[in-house]
Amino acid sequence: MATPSVIIIGGGVVGAALADEITARGWSNVTVVDAGTLPAAGGSSSHAPGVVFQTNGTKVMTELAKYTVEKLSALSWEGEPCYLKVGGLEIATTPERAAELTRRHGYAQAWGVEGARLLTPKETVAMWDLLDEQYIHGGLYVPSDGIAKSVRAIAAQLDRAVSRGATVLSRHEVLGVTTEGNRVTGVDPDQGHLSADIVVCCAGIWGPTIAAMVGQRLALTPLAHQLAWTDPIPALAGQTAEATRPVLRHQDAALYFRENGDGLGIGSYRHRPMPVGADELSHWSTEGTMPSVLPFTPDDFEVALTESARLIPATAGATLADAINGVFSFTIDNLPLLGPHATLEGFWFAEAVWVTHSAGVGRAMAEWIIDGQSSFNLSACDINRFENYQLSPQFVEATDSQNFVEVYDIIHPLQPREHSRALRTSPFYPRQQALGAVFLEASGWERPQWYAANDALVTSERNTGWNIPEPDAWASKFWSSTIAAEAAITRTDVALYDMTALKRLEVSGPGATEFLQGIVTANIARAIGSVSYCLMLGENGSIHSDVTIARLAEECYQVGANGAIDLDWLRRRLPAGTAVQVRDTTPGTCCIGIWGPKARLVMEALTDTDFSHEGFKYFTSKTAYLGLVEVTAMRLSYVGELGWELYCTADQGLQLWDTLMAAGAEHGIIAAGRGAFNALRIEKGYRSFGSDMTNDHFPAQVGLDFAVRMAKPEFIGRAALASAAETGTAEPEQVLCLLISAEPNDIMLGSEPVFHDDTVVGYVTSAAYGYTVGAPLCYAWLPVALSTPGTTVEIGYFGRRIPAAVGVEPAFDPQGAKIRC
């Protein structure tokens with residue numbers, strides 16, 4: 001059978017990997033075009049030092065790296081290996097970094113990086129004997145890390161692709177992309193038009209230039225990074241192998257090292273950010289030009305040389321045989337840009353991919369393009385994940401430059417961005433500032449974590465014996481005992497929560513009901529005013545997202561979504577010629593969650609609309625006036641208490657806040673922040689998409705099969721679930737479990753490994769202290785055999801083992817009486 005014609009723009013290590021993977025799956029009509037001469041065409045791959053460290057705090061990035069190591073280890077070119085498995089060693093020169101290495105060791109264990117182990121200072125120096133032991137506090141060693149020989153890998157993978165029918169065209173600079181309607185039809189290189197059904201942009205640092213041809217902004221900045229190769233060093237005299245010692249990372253000084261025969265390669269991020277515009281790159285017009293290499297700036301390298309000599313005395317006085325400012329890509333969240341163009345069918349991106357993850361990305365993209373879904377969970381890498389403000393050129397360059405500075409820094413999971421703050425504020429922002437809100441950031445929104453105005457509650461008479469932990473130094477960052485007060489008062493009285501950052505979509509127009517019925521797992525063709533919790537699934541039945549859908553009118557629905565990817569997901573599935581519209585209403589609206597046993601008293605004082613339990617059932621919605629403000633009220637609760645989500649237009653948001661606070665004063669109302677919210681939702685057993693569940697998971701695994709109405713005749717993913725049930729393959733191997741820690745002050749933050757009988761069996765997804773139940777709680781993925789309540793496990797936390805037990809869900813109000821009263 002004829003297969004679609006594919007053009008890959010850029011034959012670097014990513015484009016070559018994609019060509020190999022896509023032809024291996026039977027699509028042979030593939031053409032790779034590059035402006036340079038392959039395999040060393042002059043992009044970042046051509047000068048990359050090839051240092052590979054697989055361990056990453058993001059699970060999918062580790063998985064992509066593991067596949068890259070596995071694949072390149074089996075490849076060679078002209079008798080030379082494409083990967084040198086010399087191991088990788090991260091060192092600590094401060095107590096803080098030593099602690100951080102224990103956390104990173106936990107990542108390695110959680111994500112299945114085999115052989116990772118922590119080293120004592122003596123073991124570290126024994127492994128890398130040129131180090132000065134007096135500065136070493138320990139190390140993290142991974143035996144399968146090493147050096148990727150990127151040019152060889154390009155050559156080997158392109159050769160395999162060509163053997164299956166692919167074509168490789170060097171010296172073909174793409175000057176334009178051709179389209180017809182909303183479909184791509186090919187590219188216009190400088191040597192004549194090439195037609196294609198599918199075009200994939202793997203152009204690396206030229207990605208923004210190609211993207212502009214199809215009206216796409218990339219959250220990517222090319223930045224120069226310094227790399228130097230020393231002349232021979234006496235301590236390495238006689239060494240003939242390219243490398244025998246592990247690649248070395250000295251993150252306290254933003255440096256890395258690798259052997260190069262009898263010399264060393266020194267890479268440095270310890271210099272000012274140097275963003276590079278496309279007009280600053282040299283052209284390929286001259287044979288041998290490497291546009292990704294800029295002139296070396298010696299002054300920027302002085303600190304690197306001084307620190308190298310301190311840590312590795314053998315480098316003192318070393319001269320540099322070669323040194324460059326090499327350009328490569330940074331993104332605003334340090335993750336690749338993968339996936340289809342939002343509106344131009346057939347055009348795809350695989351951008352901002354480092355050599356470490358290249359082969360994994362090649363496979364992931366081939367699966368996605370051919371099968372419609374990858375075996376890797378790519379939601380965190382989806383190019384359509386960004387909000388509009390995140391694509392501002394000023395924001396992109398500032399954020400990417402900051403990420404360059406912080407590339408090896410110790411970053412707390414809750415640490416907010418320091419620049420470009422207050423980009424998005426809810427109407428309540430002035431009142432929150434007045435209450436001393438401690439703001440973190442969510443999708444650009446300023447979101448209170450807690451309020452200093454509530455500090456005094458901790459020692460007030462309202463404290464009736466609240467559970468207040470004493471977390472360690474790491475867990476107490478971006479934490480306050482005030483969070484305990486806010487959680488407790490939500491349980492006993494009433495509190496307001498700013499929910500404006502929740503993505504709100506409107507699906508409307510003739511056919512809206514039919515459209516949504518084919519997308520989501522619940523039956524949303526119910527009475528106006530009904531609200532449904534449901535899932536959106538991939539074709540294979542895995543979870544794409546969880547959403548709340550309220551029917552506001554005959555053909556008008558509000559969708560509570562998880563972000564910009566859901567907006568793209570829905571728009572991409574609109575039938576051609578449909579009258580249905582999908583619109584993001586988030587910027588022009590706002591939302592307050594009012595929850596607690598006294599929430600109804602506050603509401604009834606403001607309206608003549610029936611807010612009684614009989615008159616306003618759980619999971620229903622109404623339009624009502626609260627004082628002067630018209631709201632859409634939805635009786636939902638993500639914290640496990642009686643209450644409503646209240647939506648109104650942004651112009652009346654401040655009035656709504658003031659109205660509720662005034663009416664609630666006699667009931668002890670407070671404003672509460674995200675810290676309390678997260679703790680209460682875990683107590684109540686509510687999952688959070690993106691952490692507790694992802695595209696890797698299926699409804700039954702996360703306890704959400706109740707949200708799937710198999711009686712519906714058709715929705716995306718239904719056929720896969722039905723087939724699995726019929727063939728007996730629906731039973732999961734792992735399930736999401738609640739863990740309750742036996743240590744009252746040991747609070748996890750997520751991504752920690754879980755052990756049973758000294759074997760890693762799973763990992764933590766999200767965690768918080770349960771202020772109502774008085775114990776640290778977390779969700780974790782465990783084998784089904786270990787999911788029985790009472791089963792004991794251990795959680796790896798900064799090198800310690802924290803005892804925990806599987807708990808009964810939910811930990812709070814298992815009968816749901818409080819939300820249905």
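**Close-up views of a predicted model**

Six bridges join S33 to strand S34 (residues 629–634), and the two run antiparallel. The model is predicted.

View 1. Strand S33 (621–626) pairs with S34 in the antiparallel sense. Ser621 has Met634 as its bridge partner in S34. The sheet around this pair is open and has six strands, ordered S33-S34-S35-S32-S26-S36. Its pairing is mixed. S33 stands at one edge and strand S36 (670–671) at the other, each with a single partner strand, so one side of each lacks a neighbour in the sheet. Strands of a sheet pair through backbone hydrogen bonds, in parallel or antiparallel fashion.

View 2. S26 covers residues 495–498. With strand S32 (residues 589–595), S26 pairs in the antiparallel sense over four bridges. Asp498 stands opposite Ile592 of S32. With S36, S26 pairs in the parallel sense over two bridges. Here Leu496 has Ala671 as its bridge partner. In a regular strand, side chains alternate between the two faces of the sheet. Both faces of S26 are covered. Ala495 and Tyr497 are buried on one side, Leu496 and Asp498 on the other.

**View 3. Helices H1 and H6 side by side.** Helix H1 (residues 13–24) and helix H6 (residues 150–163) have axes that come within 8 Å. The axes cross at roughly 30 degrees. H1 and H6 are therefore roughly parallel to each other. Their crossing is left-handed. On the H1 side, the contact is made by Val13, Ala16, Ala17, Ala19, Asp20 and Thr23. On the H6 side, Ser150, Ile154, Gln157, Leu158, Arg160 and Ala161 take part. By class, this contact of H1 with H6 has seven nonpolar, three polar and two charged residues.

**View 4. Helices H3 and H9 crossing.** The axes of helix H3 (residues 59–73) and helix H9 (residues 358–371) come within 6 Å. They cross at roughly 105 degrees. That makes H3 roughly perpendicular to H9. H3 contributes Leu64, Tyr67, Thr68 and Lys71. These meet Ser358, Ala359, Gly360, Val361, Arg363 and Ala364 of H9. The contact of H3 with H9 divides into five nonpolar, three polar and two charged residues.

View 5. Thr55 lies between strand S3 (51–52) and H3. Thr55 is buried, because its relative accessible area is 5% and the cut-off for buried is under 20%. Neighbours within four places in sequence are left aside in what follows. Thr55 is then in contact with Thr62, Arg104, Tyr107, Ala108, Val113 and Val142.

View 6. Five of the six residues of strand S18 (residues 255–260) are buried, so S18 is largely enclosed by the rest of the structure. Strand S17 (residues 247–250) joins S18 through three bridges, and the pair runs antiparallel. His250 stands opposite Leu255 of S18. The hairpin of S17 and S18 has four residues between the strands. S18 is joined to strand S19 (residues 263–268) by six bridges, again antiparallel. Asn260 has Gly263 as its bridge partner in S19. The hairpin of S18 and S19 has two residues between the strands. One of them, Gly261, takes a positive phi near 70 degrees.

View 7. Most residues other than glycine have a negative phi. Ala254 is not a glycine, yet has a positive phi of about 55 degrees. Ala254 lies in the loop between S17 and S18. With a relative accessible area of 11%, Ala254 is buried. Asp758 also has a positive phi, near 65 degrees. Asp758 is found in the loop between strand S38 (753–756) and strand S39 (759–770). Its relative accessibility is 57%, so Asp758 counts as exposed.

View 8. Most peptide bonds are trans. Leu38 and Pro39 are joined by a cis bond, with omega about 10 degrees. Pro39 lies in the loop between strand S2 (30–33) and helix H2 (44–47). Glu809 and Pro810 are also joined by a cis bond, with omega about -15 degrees. Pro810 sits in the segment after strand S42 (800–806).

Note on methods:
Residues numbered from 1 in each chain as written. Predicted model: local features only at pLDDT ≥ 70, side-chain atom pairs only at ≥ 80, totals over all residues. Heavy atoms only, no water. Axes fitted to C-alpha atoms, helices over the stretch in contact; angles between N-to-C directions. Parallel < 35°, antiparallel > 145°, perpendicular 65-115°, else oblique. Left-handed = near helix turned anticlockwise from the far one by under 90°. Contact = heavy atoms within 4.5 Å. Nonpolar A, V, L, I, M, F, W, Y, C, P; charged D, E, K, R; others polar. Pairing = 2+ DSSP bridges. Buried < 20%, exposed > 50% of the residue type's maximum accessible area, 1.4 Å probe, protein only.
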